[in-house]
Amino acid sequence: MNTRRPPPWTLALLTLLLAAVPPASAQLRVPQGGLPGQAAPAGMPGFSTPGGFAAPATAAVARRDEPKLVDRVVAVVNTDAITELELQSRTRAIERRLRGQNVSLPPPAELQRQVLERMITERAALQAARDAGIRIDDAAIDRAIGRIAQEQKMSVPQLRQRIEGDGMGFAMFRAELAADMAINRMREREIESRVQVSEAEIDAYLAEQAGGPVELNLAQILVGVPDGAPPEVVERARSRAESIAGEARAGADFARLVQTATSGPDPVSGGVLGMRPPDRLPPVFVQAVESLKPGEIAPVVRTPAGFHVVKLLERGEGGAIAALAATPVRQTKARHILVRVNELNPEGEVVRRLTEIRERIEAGTVTFEEMARQYSGDGSASQGGDLGWIYPGDTVPEFERAMDALQPGKIAGPVATPFGYHLIRVDERRTDGASRERVRAAARNAIRERKAAEAYQEWILQVRDRAYVDVRLDER
């Protein structure tokens, strides 16, 4: 069903918050008095960045006195350039976040290096999404910004003011949000769609839940190993991980070790995975910390991504799936008509068409079921848009809010969600405990989410390893 809630990792960009490449020595300079008033000569080569900044790739601009550095390329990822202004903006955002979390910061040069590595990985993943034909249009970005503003309980102008007050240009924020959306869409299409969960896995998971498993909060440091690395490279990585584990056991600050030692895709996050049930953690991590007390370091763990140093931070009570079966909840039986926005169906046309369909249904000239079969763009179309019994949290927030506000028999819409625009009709409501099928579906989703997260980590590390990267951070 297309209205299901996306994984919790989507749209996390707010908290942190191309294509010819110039030669390695290229820098952008202007005279002390400022930018020249005339346009650059025709045919001058240049490069572009996601933030919308565009400038000549040579220093051949008019000058008075001594030139002044404006921006420069600090890394090349395949055919894309990362500029110093982009790196400084991202570094400042991460500094503010870490200070807000009371996390000690590494030396400025080390933090900048790790932020650049993170940007390189993101840029390589974005290029992979582009190569797969994924494009994010302006309308989709506008809808995402509207959702972020709504979640933050502010208007879009207020959100923009906050972003710019934090030192990030709004154009750059839009570009980074678009990149984040493209990578997430790539993950959904190329990774999550291929994850399979067997009935035996569900049975085993429910058996564990019946025993009331605890939740675990772990932190990890990854020493990456490239795909197909020779034995000597693997051995060096293993020795490095063992050395880091020894430092951690000797009392070294784990957060500082994460910032200076990890080769994972998010080295400045502190390495903390957050409180999770065992099914949402790699099984090798769970086994490694099984006999540990909070604060202890596990033996080094090997996965396809490399070697991991894992620390158990805390244990908490779990059993979320078992609690689901015992807790009465309100369920809604609903139907919808989904029309997606794309190049052939621009947003205005989609809204106009659904408004017309709703008027025809309410006038009694057609039925909701007929229109769903004819127009809906998801798998429920053949059932007249029937979504079955929906539990709280099953759908994305925009859909759930509109559905919850309806009386049975009434229609809402057009309602915008990340999937397009919907007409929604509530048929019935009831309060009951979760059925056996519902419990198994929740277990399946939990297992799928864990396996997808593991597959994504492997994929993004492989993408980074395959990319051509030229780091120019130390060049002046």
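How many helices and strands does the protein chain have? I counted from the assignment: 14 helices and 14 strands, taken as DSSP runs (H or I, at least four residues, for helices; E, at least two, for strands) and numbered from the N terminus.

**Entry 1, ground rules.** I noted that this is a predicted model, where local features need pLDDT of at least 70, side-chain atom pairs count only at pLDDT 80 or more, and totals for chains, interfaces and linings use all residues. Residues are numbered from 1 along each chain as its sequence is written, and side-chain values use heavy atoms, with hydrogens and water left out.

I looked up pLDDT, the predictor's confidence in each residue, from 0 to 100. The protein chain averages 76, and 77% of the residues score at least 70. Confidence is lowest in strand β1 (residues 27-31), with a mean of 34, and highest in helix α12 (residues 368-375), at 93. Over residues 1-64 pLDDT stays under 50.

I looked for nonpolar cores, sets of buried Ala, Val, Leu, Ile, Met, Phe, Trp, Tyr and Cys residues joined through side-chain atoms within 4.5 Å. The largest has 49 residues, and Ile82, Leu116, Phe173, Leu177 and Trp459 have the most contacts inside it. Among the elements that each supply at least two of its residues are β4 (67-77), α2 (108-131) and α14 (436-466). Helix α5 gives the largest share of this core, eleven residues. I then checked Ile82: leaving aside neighbours within four places in sequence, its contacts include Val74, Val77, Leu116, Met119 and Arg123, contact being heavy atoms within 4.5 Å. A second, separate core has 17 residues, including Ala241, Ala245, Ile297 and Val300.

I traced an open sheet of four strands, antiparallel in pairing, in the order β11-β10-β13-β12; two strands pair if DSSP finds at least two bridges between them. β11 (386-390) and β12 (411-417) are at the edges with a single partner strand each, so one side of each has no neighbour in the sheet. β10 (residues 329-339) and β13 (residues 420-432) are joined by eleven bridges. In one of the pairings I looked up, Gln331 has Arg430 in β13 as its bridge partner.

I listed the buried residues of α13 (residues 397-404): Glu398, Phe399, Glu400, Ala402 and Met403. Their cover includes α3, β10, β11, β12 and β13.

Conventions. Buried < 20%, exposed > 50% of the residue type's maximum accessible area, 1.4 Å probe, protein only.
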